[in-house]
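Hello,

Here is the structure I promised to pass on. Please have a look at it first; my notes follow below.

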Amino acid sequence: ALIVGCGCRGRKLGEELLALGWAVRGTSRREEGLSAIEAAGIEAAAADPGRPGTILELVDDVAVLVLLLGNLAGSDEALAAIHGPRLERLLEHVVETPVRGVVYEGTDRGAEVARAAGSTWRIPVRTIAPSPSGTAHLGESDRLASEVAAVLAGKPKELNSDGNSGN
């Protein structure tokens with residue numbers, strides 16, 4: 001798995017996936033983030049969601065791409081580009097890689113982009129709402145790990161209590 005946006009929650013997810021026997025790589029835009037990823041026992045790699053090519057360089061041996069982008073910092077313009085045209089570009093090229101599923105956490109617009117890509121290229125996509133505080137909560141890494149396993153298995157998203165899939 002490649003976890004893009006491997007902050008606190010991403011590292012918790014990575015540790016959970018490592019415990020399950022997965023090979024895990026996590027990304028950060030900053031040197032201190034890379035050090036924290038390595039300290040968690042996860043392979044660290046520099047990548048910037050604002051530059052899709054930096055992510056595509058890392059997916060040659062990845063089955064699941066996890067995009068934890070819900071708590072990114074940046075200008076409104078930069079964030080709109082990341083969750084819009086840059087995400088579209090990334091997902092257009094992911095279909096030509098070994099990636100067999102995508103888990104996306106971010107904005108409503110980004111979720112629309114991810115679902116459209118999944119439909120167009122028949123790649124399993126699961127969208128999840130961002131954590132309100134951006135911090136890992138008890139059980140959240142288990143939930144994220146379940147989403148990763150489900151997308152790889154091609155399982156459809158379960159319905160919420162309101163009858164919507166949230167996907």
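Start with strand β2 (residues 25-28). Arg25 and Thr27 point one way from β2, Gly26 and Ser28 point the other way, and all are buried. Buried means under 20% relative accessible area, exposed over 50%, and partly exposed in between (1.4 Å probe, protein chains only). Helices (H or I, at least four residues) and strands (E, at least two) are DSSP runs, numbered from the N terminus.

A word on the source. This is a predicted model: local features need pLDDT of at least 70, side-chain atom pairs count only at pLDDT 80 or more, and totals for chains, interfaces and linings use all residues. Residues are numbered from 1 along each chain as its sequence is written, and side-chain values use heavy atoms, with hydrogens and water left out.

**Partners of β2**

Strand β1 (residues 2-4) runs parallel to β2, and two bridges join them. Two strands pair if DSSP finds at least two bridges between them. Leu2 stands opposite Arg25 in β2. From β1 the chain crosses through helix α1 (residues 8-19) to β2, in a right-handed β-α-β crossover. Right-handed means that, with the strands pointing away from the viewer, the path from the first strand over the helix to the second runs clockwise.

Strand β3 (residues 43-46) is also parallel to β2, joined by four bridges. Here Thr27 stands opposite Ala45 in β3. The chain gets from β2 to β3 through helix α2 (residues 31-39), and this β-α-β crossover is right-handed.

**Arg25**

Arg25 sits in β2. Its relative accessible area is 11%, so Arg25 is buried. Its side chain makes a polar contact with the side chain of Glu43 (3.0 Å). Another polar contact, of 3.1 Å, joins the side chains of Arg25 and Asp61. A polar contact is a pair of N or O atoms within 3.5 Å; within protein, one must be able to donate a hydrogen and the other to accept it, and residues adjacent in sequence count only if both atoms are side-chain atoms. Leaving aside neighbours within four places in sequence, Arg25 is in contact (heavy atoms within 4.5 Å) with residues including Ala1, Ile3, Leu58 and Val62.

**Helix α6**

In α6, Gly110, Ala111, Val113, Ala114, Ala117 and Gly118 are buried. The face turned away from the buried side of α6 carries the exposed residues Asp108 and Thr120. Just after α6, Arg122 takes a positive phi of about 55°.

Best wishes
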